[in-house]
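Here's a quick walk through a fold, written for someone who likes to have the coordinates open alongside. Take a look first, then read on.

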Amino acid sequence: MKKWLIVLCSLLMIAGCSNPKSASETNKKNTHSLKKVSVVLDWTPNTNHTGLYVAKEKGYFKDEGLDVNIIMPGDAGADQLVASGKSEFGVSYQESITQARIQGVPLVSIAAIIQHNTSGFASPAAKNIVTPKDFAGKTYGGWGSPVEKSVLSSLMKKENADVNKVSIVNMGDTDFFTAVKRNIDFAWIYYGWTGVEAELRGEKLNMVYLTDYSDKLDYYTPVLATNENMMKENPDTVKAFVKAVSKGYEFAIKHPSDAADILIKAVPDLDPKLVKKSQEWLASKYQDDAPRWGEQKQKVWENYASWMFDNGLLEKKLDAKKAFTNQFLPQ
């Protein structure tokens, strides 16, 4: 799981917003006339991001009049770069956008990359952690966010277990497989990457998925984000970007092996076997039961925000209608 931290910052004017020329008006055949925008990842490239790389490689961005630069977050983080207008788009999470909006940062989710929460608490099978009550007496390795203890507590309460009996340590950027051999018993992972890697390693994991214990924890993670100013000043660009990305993820859904090859080509440092297997696992998860890729429900945003508020993680209640939109998704 990526460490996320919302930092209030002075919002800057988005470069080029004074010239709101729509992407559809550009000459698509002339690369010099393509509108340059960037999308910042939330973490190092992985199969959550495949649709972006497919859209770039297959020319979907160019077809929409865009020249898209996919960039790494660096120390600032994707949310801060998007909120400040230093990047037009970014990969974010429902939980961080929720906190951002409560703090007055105008981030907006414009598409759900994965329809349901595929994360959970993972542990080597030998640790015998099969339900939340088994967390008691064990050491959890996290990234130092208060949301972690709240999630652990919520799951453990379902089985009358006490979260205070869990030792919580910050494992920073330590690799999951290294950490569980050293000083932790379990950690929070995305199965589609770390869980699949465990399969390839032949290391059996026990998974306690959040969605098995609470509907309110079935939130959108990750999502694509922009800021309110970008939506207001350059709606055609946002629509063009989302249309191209939608085609990228639709391609990954239908052709996971070919999509994996595109990601491997773009990021050759990745393990090809892991990318291939992860892509197969994720292909059906991107859209899942939604009527189209990227669609979000207000109820999902309200459910998770109410859970955060009830657990003291928000200072006030979220206006969920302003936190997300489906308006830029292709019909």
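What follows covers a sheet, a helix packed on it, some aromatic pairs and one more helix.

## Ground rules

This is a predicted model, so local features need pLDDT of at least 70 and side-chain atom pairs count only at pLDDT 80 or more, while totals for chains, interfaces and linings use all residues. Residues are numbered from 1 along each chain as its sequence is written, and side-chain values use heavy atoms, with hydrogens and water left out.

Strands and helices here are DSSP runs numbered from the N terminus (H or I, at least four residues, for helices; E, at least two, for strands), and two strands pair if DSSP finds at least two bridges between them.

Strands S5 (residues 119–124) and S8 (residues 186–190) run antiparallel and are joined by 4 bridges. One detail to pick out: alanine 122 has alanine 187 in S8 as its bridge partner.

Tyrosine 191 belongs to H7, and it is buried at 13% relative accessibility (buried means under 20% relative accessible area, exposed over 50%, partly exposed in between, with a 1.4 Å probe and protein chains only). Leaving out residues up to four places away in sequence, tyrosine 191 touches Thr118, Val196, Glu199, Met207, Tyr209 and Trp281, contact being heavy atoms within 4.5 Å.

## Rings and charges

There are 17 aromatic pairs in the structure. Rings of Phe, Tyr and Trp (its six-membered ring) pair if their centres lie within 6.5 Å; planes under 30 degrees apart count as stacked, over 60 as edge-to-face and the rest as tilted. Tyrosine 191 and tyrosine 209 make a tilted pair, with ring centres 6.4 Å apart and planes at 55°. Tyrosine 191 sits in H7 and tyrosine 209 in S9, so this pair ties together parts 18 residues apart in sequence. Tyrosine 209 is partly exposed, at 22%.

Tyrosine 304 and tryptophan 307 are stacked, with centres 5.6 Å apart and planes at 15°. They are 3 residues apart in helix H12 (residues 298–310), about one helical turn. Tyrosine 304 is buried at 0% relative accessibility, and tryptophan 307 is buried at 6%.

Ring pairs also link Phe121, Phe135, Tyr140, Trp143, Phe186 and Trp188 into a cluster. As for charges, lysine 285 lies over the face of tryptophan 281, 4.1 Å from the ring centre. The criterion is NZ of Lys or CZ of Arg within 6 Å of the ring centre and within 35 degrees of the ring normal.

## Helix H9

Helix H9 (residues 235–254) has 20 residues and reaches 29 Å from its first C-alpha to its last, close to the 28 Å expected at 1.5 Å a residue; that expected span is 1.5 Å times one less than the number of residues. Its buried residues include Phe241, Tyr249 and Phe251.
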